[in-house]
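The following note is intended for a first reading of the structure shown below. Its points may be taken in order, with the structure open alongside.

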Amino acid sequence: MYPHSHHQQDKPILDVQKVSVRYNGHLALEDVSFHLHVGERIAVVGPNGAGKSTLFKVVAGVMPPTSGTVTVYGSGPDVHVCIAYVPQRSQVDWSFPVTVADVIMMGRIAKLGIGGWPRKRDWDIVHAALGTVDLNDLAKRQISQLSGGQQQRMFIARALAQEAELMLMDEPLTGLDVPSQEGILSLLDRLQEQNVTVMVATHDLEQATQHFDRIMLLNHTLLGFGKAEDVLAPERLLEAYGGRLRVVSPDGKVLALGDEGCCDEGEEPKHAHLAD
Amino acid sequence: MLTWLIEPLQYAFMVRGLVAAVLVGIVCAVVGTYVVLRGMAFFGDALAHTILPGIALGYLVSGGARESLFWWALGTAVIAALGIGAISKSAQIKEDTAIGIIFAGMFALGIALISTVRSYAVDLSHFLFGDVLGVSSQSLWLTAIFGALVLLLIFIFYKEFLTLSFDPILAVTLRLPVGLLNNLLLALMAVTIAVSLQTVGVALMVAMLVTPAATAYLLTYRLPVMMALAALFASLSGVIGLYLSYYISIASGAAIVLTATALFLLVFLFNPRQGVLWRSANR
């Protein structure tokens, strides 16, 4: 019932080839190709409605591409349980009657099988994940009692319990205060030590530059993918954000992005600002 | 007090009715927990109404015999649940609009069918509002068997239903058989409705699915506790409702639902966690 596909270790952890996604008549993604190395940290930037969430859903095997292929270690994503999708906090029903530990245990259920109940080893893994994200004391709390940063860390712990090797995080930093953002960013470092590959959608170009190995600039098509200094060149950013790009300092350094683009992926308009 | 409690029990129909009300209450409450958490109250209401033509047809075919109606209800409910589930996925019109059209149309068809029989008013009211005091021991057994089956499946698939309800995208990335599980849950709702038909009837069914579960939701943040509390409230409503029905001569289905509603209001106003009055007193 639960597939456990063999990982061909000579194949990239993620290989996306000529992926296009069309829905309701418009093209959300067009001819996107790239591949990732194990343990890389990728920041995915682009305006609202650029197709970041769509890309994550296609990579996670939640949504099939209209054309093109996605492979994870050489086979389609829909046979893998090693891909974790960390949802935007606004997409979650926080009043659901579950505790933090309950949510993290959900990451284990593919390993338990139908009708199986958590064993000691599963609880050990859940507690280890709680420890990694520093939520031990809050394990028995209902999820709405957590702060925004704690909620985000809970989902990272769930991905750890899932033993995910590829984590897709949809704007995990949005709406968090600076200490909470730093908590998440330092967790990303720990994930890298464990060889977890992460893709993070973000609006914050400075954090993208400082904390990630490569930056992907997306606006329906892939406008750039590589080191920050190459990808975040002003002319490329202008291409991605159009007239919605707000502040570029005279030396070409991007200071702030304002984005009031429409929300065709149900995203709320957000403002991401860099400290200057 | 004791004689007040024991007196109705000398009648076999009261004892059968009490057993039926408690059984149905437990099954409805546990399934209803998912109805509440997934925001499917309207779907449940529609599903209950949609089975009326099936019951009516069974009623006409069997010449007014009640015994086979359970199977007609069961068959119609399962078909209707999966049918509505499939239709609501097509993006042509909004889901609640589609459900509204089907449910009213089918309900009207049911009424039209039953109206061809002479004793139509009495029979229709039994289908609509239940007739728990007319439960036979045979249908009591069917209720027990199918109710137990529903609870067993809810238990076996506990973590799958929980995950699917809380985070459908996680369920997909864990490669759970999401379509199958969704249809199984719809089928379990359908069986629950068929089992509860004689106790509360088509029109009041949604109250048994939603009200005890909503009451429990106000009191806990653990799903297993919510299920247990909902079952407790539903059983209590069944017992208290039937005694009310006996002593003040009101319709049994209505008495059960009114008791459940009263319990909800009490908890809504007075529970220490988030009760309305409590909060305004502490303000």
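Predicted model: local features only at pLDDT ≥ 70, side-chain atom pairs only at ≥ 80, totals over all residues.

1. Strand E3 (residues 41-45) of chain A runs parallel to strand E7 (residues 197-201) of chain A, and 4 bridges join the two. Within this pairing, A:Ile42 stands opposite A:Met199 of E7(A). With strand E8 (residues 214-219) of chain A, E3(A) likewise pairs in the parallel sense, over 4 bridges. Here A:Val45 has A:Leu217 of E8(A) as its bridge partner.

2. **Helix H1 of chain A.** Helix H1 (residues 52-59) of chain A is also mostly covered, as 8 of its 8 residues are buried. The buried residues are A:Lys52, A:Ser53, A:Thr54, A:Leu55, A:Phe56, A:Lys57, A:Val58 and A:Val59. Just after H1(A), A:Gly61 adopts a positive phi of about 80°.

3. **Chain A as a whole.** Chain A contains 9 helices and 12 strands. Of its 276 residues, 44% are buried. Taking the contacts in chain A between residues at least 6 apart in sequence, 66% join residues at least 24 apart.

4. **Domains of chain A.** The domain assignment divides chain A into domain 1 (14-82 + 168-176 + 195-276) and domain 2 (86-164). Between them, 11 residues of domain 1 are in contact with 12 residues of domain 2. The side of domain 1 that touches domain 2 has 7 nonpolar, 1 polar and 3 charged residues.

5. **Confidence in chain A.** The mean pLDDT of chain A is 84, and 86% of the residues score at least 70. Which element of chain A has the lowest mean pLDDT, and which the highest? Strand E12 (residues 271-273) has the lowest, at 41, and helix H2 (residues 100-106) the highest, at 95. Over residues 259-276 of chain A, pLDDT stays under 50; the model has 41 contacts beyond four places in sequence for this stretch.

6. **The contact between the chains.** How many residues of chain B are in contact with chain A? There are 20, and they meet 24 residues of chain A. Helix H9 (158-166), helix H10 (168-173) and helix H12 (223-248) of chain B each supply at least two residues of the side that touches chain A. By class, this side of chain B divides into 12 nonpolar, 3 polar and 5 charged residues.

7. **Helix H3 of chain B.** Why is helix H3 (residues 41-50) of chain B described as largely enclosed by the rest of the structure? The reason is that 8 of its 10 residues are buried. These are B:Phe43, B:Gly44, B:Asp45, B:Ala46, B:Leu47, B:Ala48, B:His49 and B:Thr50. The cover over the buried residues of H3(B) includes helix H2 (12-37), helix H4 (52-61), helix H5 (69-87), helix H6 (95-114) and helix H11 (178-217) of chain B.

8. **A loop residue in chain B.** B:Asn271 lies in the loop between helix H13 (252-270) and helix H14 (276-282) of chain B. B:Asn271 counts as partly exposed because it has 15 C-beta neighbours inside 10 Å, whereas a buried residue would need 20 or more. Leaving aside residues up to four places away in sequence, B:Asn271 touches B:Leu218 and B:Leu219. B:Asn271 and B:Thr259 are 12 residues apart in sequence, and their C-alpha atoms are 17 Å apart in space.

Key: Residues numbered from 1 in each chain as written. Chains lettered and ligands numbered in written order. Contact = placed C-beta atoms within 7 Å. Nonpolar A, V, L, I, M, F, W, Y, C, P; charged D, E, K, R; others polar. Buried ≥ 20, exposed ≤ 12 C-beta atoms within 10 Å, placed from the backbone. Pairing = 2+ DSSP bridges. pLDDT = per-residue confidence, 0-100. Domains from an automatic or database assignment.
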